[in-house]
Amino acid sequence: MDTVTSAISPSTQAICRLDDIPDGGATAVDAMLADGRDNVILMRQGSQVQAYLNICPHTGRQLDYAPGKFLLQDQMLICAVHGASFNKADGLCIAGPCKGDSLRSVAVHVQGDEIFLA
């Protein structure tokens, strides 16, 4: 899935449609956050969506191996650079060079079939 780009203000324009993310999968979008434009990981499980900044706490690099393409295994998101493994549910690194650190959460909500910044 390609990266979806949206310049938005919180809660006024959808950053992504729910069906743009495969159930159990992830994608990345560019979003205008309060502190500036950032790339955000969106992970979907049914109608639930978790969102994190696409920045590994170990090196500050993006976690995807290609734009919007992520390594997912079981309930983990794996950094393509150094293999750090993060819980999808809470962003906590459970294995790898930044064990104990966490991804920075981004608040989102699903309304109908669209995802908005909260």
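Cys79 has a relative accessibility of 2%, so it counts as buried; the cut-offs are under 20% relative accessible area for buried, over 50% for exposed, and partly exposed in between, with a 1.4 Å probe and protein chains only. Before I go on, this is a predicted model, where local features need pLDDT of at least 70 and side-chain atom pairs count only at pLDDT 80 or more, while totals for chains, interfaces and linings use all residues. Residues are numbered from 1 along each chain as its sequence is written, and side-chain values use heavy atoms, with hydrogens and water left out.

Which cysteine sulfur is closest to that of Cys98? The one in Cys93, at 3.5 Å, which is too far for a bond. As a reminder, a disulfide is a covalent bond between the sulfur atoms of two cysteines.

Now the strands. These are DSSP runs of E with at least two residues, numbered from the N terminus, and two strands pair if DSSP finds at least two bridges between them. Strand E3 covers residues 26-33, and seven of its eight residues are buried, so the rest of the structure largely encloses it. Its partner, strand E4 (residues 36-45), runs antiparallel to E3 over eight bridges. A hairpin of two residues connects E3 to E4.

E10 and E11 are joined by four bridges, and Gln111 sits opposite Glu114 in E11.

Last, the cores. A nonpolar core here is a set of buried Ala, Val, Leu, Ile, Met, Phe, Trp, Tyr and Cys residues joined through side-chain atoms within 4.5 Å. The largest has 16 residues, and Ile15, Val40, Leu42, Val106, Val108 and Ile115 have the most contacts inside it. E3, E4, strand E5 (48-53) and strand E11 (114-117) each supply at least two of its residues. Another core, of 15 residues, lies apart from it and includes Ala26, Phe70, Cys98 and Leu103.

Notes: A disulfide is a pair of cysteine sulfur atoms within 2.5 Å.
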